[in-house]
Amino acid sequence: MTRTPYWAAFTDGIRRTMAAPAELAVRIGFFAVILVVFSSLWRAATQANGGMIQGYGYRELLWYVIAAEGCVIATKPRLIEEIGDDIGSGDIAIDMLRPVSVVGFRMAAEMGEAVVRLVCALSLGAVFGLVSVGAPPSLEGLLAALPAALLAVGCNLTMQYSFAAAAFWVEDAKSTWFLYQKLIFLLGGMLLPLELLPGWLAGIARLLPFWTTAYVPARLMSGHAEWHLLIVQLGWLIVLVAAALAAFRAGERRLVVTGG
Amino acid sequence: MRIILSTFKNSLIEAWTNRRSFWLQVSIMLANDLVWVLFWILFFERVSTVRGWDRSRVLLLFAILTTVAGISLGLLANARKIGQLSAGGELDAALALPVHPLAFLLVRRVDTGLLGDLFFGPILFVLAGEPTLERTAIFIFGSLCGAAVLVGFLVAIGALTLFIGGTGEQADLGFQTILILASYPVDIFGGATKLLLFTAVPAAFISGLPTRLVDDWQWTTAAALLTAALLFASLGVALFNLGLHRYSSGARWTRA
């Protein structure tokens, strides 16, 4: 059976991550620390607030954190910088020699790597959640959260490629990873559920794509079986893939590589 | 001492040479810090106090933490890279000099972006820390002690690479862990985690205790903080010195 190049890139990504257990252990170890910190914070906060904050109890908030942080930690934090470096140095020209889409091939590989991290993070999170507060608040929410987690990782990766494509035009674009990360933190709902933001800010967050990367799977995991959120994610994923492909197509036409 | 000061001066000049890049990186770090301030403001809009911590106290903690980070990770940027440099066999250049290699390594590199923290911390203290002469003096004392603890801890876990091998993964994890634990009020943690913050991962000495001192000066707390600073600084130097006996050159003459 012949493998398509994209499927080969995806499975190679899985193998590559599995072949670097120390790096994976550091990432998942950090995820464990985050869980300890946020579980402590939200336990103290809900206790100080009579047990509920904007409709979330401690149990809901802990499962929210597990899903939100697990989905974000699955992707490389500095992917935008890495892509920017490849564009800036001209290394990306080597990828352009292959008879496949540069961005499609790279995203397939990144998705393979991210899936391994996602599975490890959510497995650890599940154990942490079960021991700390018991099962997720609703089975239906859990069932919806699992595909949403995969879509969240897909949206995150494609959005990072769209951001990184700016490096074809702007020299310092690779620094944008830092700002992107902060947008995910706040407008993506990674640090706080959108319900805890002021109304106007939550409204802006819902108009932008960042909430598909953390809030959507987290909201579902916290017991709110809002299936329409999956459709919103899918819609954004299509838009983001189209944007990344278009940005790279335009960028590749103006790429000038000096030396070799 | 003169060599160390000259090296440090050169590192600062090097960071300052590309002005555009300097201000861009500093601005990005300031924006990053502002997002955290915004997070805490939004958090305390919904939750008035958490175990004795309110918005102004957490902002004071954040001012101290960013100042500590500016010193330890901005001015002494190699503190967090000892593990990588050791694993890569990149200490050769430092070993050939007539100064202590650790002192040279620490001042050899300045991280421009993290200098943004060094601007942000004191500004936040002035704006939200209710500065008086006494509180400012304690803020400086606490930040310096916190920086000594952080640098000592980072050097110690980096130097472990010389004993256990690898490429410094434990140093990366330790770095990320101590920073995130130091970013939150120490009193939200309980039991074993709190014990950890005062021992193996000394995050409490980086931000929690200095914040307590600024709000409520106690000689015993100050003595504990100073002792921790001396202990962790000594631990870092001792582990690095011991580890050097096991160092293998990578035959790479780098700038370290």
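Predicted model: local features only at pLDDT ≥ 70, side-chain atom pairs only at ≥ 80, totals over all residues.
Colleague: What radius of gyration does chain A have, and what would a compact globule have?

Modeller: The C-alpha atoms of chain A fill a box of roughly 65 × 45 × 30 Å along the principal axes. With 260 residues, a compact globule would have a radius of gyration near 18 Å, and this agrees with the value for chain A, 19 Å.

Colleague: Which share of the contacts in chain B, at a separation of 6 or more, joins residues 24 or more positions apart?

Modeller: Chain B has 256 residues, and 48% of them count as buried. Among its contacts with a separation of 6 or more, the share from residues 24 or more positions apart is 80%.

Colleague: Let's look at one helix. Which residues of α6(B) are buried?

Modeller: Helix α6 of chain B spans residues 101-108 and is mostly covered, with six of its eight residues buried. A residue counts as buried if 20 or more other C-beta atoms lie within 10 Å of its own. In α6(B), those residues are B:Leu102, B:Phe104, B:Leu105, B:Leu106, B:Val107 and B:Arg108.

Colleague: Which helices of chain B are included in what covers those buried residues?

Modeller: The cover over the buried residues of α6(B) comes from several parts of chain B. It includes α1 (2-17), α4 (82-87), α5 (92-95), α8 (133-159) and α13 (219-244).

Colleague: Now the place where the chains touch. Which helix gives the largest share of the side of chain A that touches chain B?

Modeller: The contact takes 28 residues from chain A and 27 residues from chain B. On the side of chain A, α2 (21-48) and α8 (176-186) each supply at least two residues. The largest share, 14 residues, comes from α2(A).

Colleague: How many residues on that side of chain A are nonpolar?

Modeller: By class, the side of chain A that touches chain B has five polar and three charged residues. Its nonpolar residues number 20.

Terms used. Residues numbered from 1 in each chain as written. Chains lettered and ligands numbered in written order. Buried ≥ 20, exposed ≤ 12 C-beta atoms within 10 Å, placed from the backbone. Helix = DSSP H or I, 4+ residues; strand = E, 2+ residues; numbered from the N terminus. Contact = placed C-beta atoms within 7 Å. Nonpolar A, V, L, I, M, F, W, Y, C, P; charged D, E, K, R; others polar. Rg over C-alpha atoms; globule rule 2.2 N^0.38 Å.
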